[in-house]
Every structure is written in structure tokens, then in C-alpha cells.
Amino acid sequence: NAVQSLGQASELAQKAMSLDDSLSLPHRVLGGAFLWRKQHDLAVAEGERALSLDPNDADAHESLASILIFAGRPEEAPKLIEKAMRLNPQYPPSYLLALGFAYRVMERYEEALGPLLKVLPRAPNHIPTHLHLAVCYAELGRQQEARVEVAKILRINPHFSLEWIRRTVPYKDPTVLERFLDSLRKAGLK
């Protein structure tokens, strides 16, 4: 269960920090756990601490960027992600996802499509990527493409729903969450 997993992640991160507080990774893990518990200020603080401990940790840049997007500060994310990409030219698809996510939340839908579409060849069944694409297409008036993305989501997980998103996804600002849900409704998700 997700709550138990978050608890275990927090516990292990705290234990690692008690052994050596100079490592970036436990702070990143704790930041992620705080984020998914919707404790945004604590998540940002841990993300910033991780980055301050190791300014050359590409994953710390991407992690803080993702936290900031959910915490209502998406405009700060692209610079962090671009720095992560420079630090790790062999970056994982999650960096592209975070960049597309930032642009999507900033309502720069056309700009979001580029990085999001680059995720799919490396992670074709990644539901968050399909969600962001569905929103972008719906907001750009490209309903057919939006519906195709929703169909892919439901093929991957037939039980996926707006209600799950409402309960789980950790946006700090409820209006951002509602805009996300409205866009997904436009795309055909129920």
C-alpha cells in the first residue's frame, strides 16, 4: 500500500541521514515522500537540501524541479531540468517528463509536446506521459489525439480514473488540480 511505502521510504531516508547527513539521496527520497503526503513546504526544503549537498547531482536538480511543479512553482523547473540534462547527458526519460510537465502546468502546451513525445519511445506504457499529452492535446483543440492518449491509458490500466487522480496527485493549488481534471474530462477520461 502506498501509505505504508511512503512511511518506509521516510524511515529509511531518516536512518540514512542519521548515519551520514552529507548525502544527497536520502534528502531526495524524503522530499519525495513529503511531496506525496502533500507536505509541500517540507518537500521543497528537502529537495533544496539535497541540491545544496551535491550541486552536481543531476537527479537532485530533476527531483527538486518536480517538487516545485507540484508545489505551485513550475516556472522554476525548466532551468533546473536543463541543468540536470547538462550534468547527465545520458539522462533518463523522467527528465523529459518533468520538463513537459512544467510546460504543461504553465499552460505552454505546444512547448510541452516536444519533451513528452520523446519519453514514449523509451517508456511507451508510462501513464503520466499519456496524461500530460492528453491534456496538451485537449487544450490545443486536438480532440482526436487527446482521446487516443486516454484510450492508451485505459489499455494500460482499465481502472484508471479522475477520482484516483483527485485523491492521489499532490498539487498544492486546488485550482491547478481542477484545471488538470477538467482537461482530462475534455479528453474523455472519466
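Two residues are taken to be in contact when heavy atoms lie within 4.5 Å. In the chain, among contacts between residues at least 6 apart in sequence, 57% join residues at least 24 apart. The structure is a predicted model, in which local features need pLDDT of at least 70 and side-chain atom pairs count only at pLDDT 80 or more, whereas totals for chains, interfaces and linings use all residues. Residues are numbered from 1 along each chain as its sequence is written, and side-chain values use heavy atoms, with hydrogens and water left out.

The secondary structure consists of eleven helices and zero strands, where helices (H or I, at least four residues) and strands (E, at least two) are DSSP runs numbered from the N terminus. Of the 190 residues of the chain, 48% are buried; this term denotes under 20% relative accessible area, with exposed meaning over 50% and partly exposed in between (1.4 Å probe, protein chains only). The chain exposes about 9,500 Å², of which carbon and sulfur atoms supply 55%; accessible areas come from the Shrake-Rupley method with a 1.4 Å probe, and for residues only the protein chains shown count as cover.

A nonpolar core is a set of buried Ala, Val, Leu, Ile, Met, Phe, Trp, Tyr and Cys residues joined through side-chain atoms within 4.5 Å. The largest such core has 61 residues, and those with the most contacts inside it are I81, L131, I165, Y171, L184 and L189. Helix α6 (residues 93-105) gives the most to this core, with nine residues. Apart from its neighbours within four places in sequence, L184 is in contact with L131, A134, V135, L162, I165 and L189.

Helix α6 has 13 residues and spans 18 Å from its first C-alpha to its last, close to the expected 18 Å, a value defined as 1.5 Å times one less than the number of residues. Twelve of the 13 residues of α6 are buried, and these pack against α4 (58-70), α5 (77-87), α7 (109-119), α8 (127-139) and α11 (174-187). Just after α6, E107 takes a positive phi of about 65 degrees.

Rings of Phe, Tyr and Trp (its six-membered ring) pair if their centres lie within 6.5 Å; planes under 30 degrees apart count as stacked, over 60 as edge-to-face and the rest as tilted. By this rule there are seven aromatic pairs. The rings of Y91 and Y95 are stacked, because their centres are 5.8 Å apart and their planes lie at 5 degrees. Y95 is buried, with a relative accessible area of 0%. One aromatic cluster is formed by W36, F70, F101, Y171 and F180.
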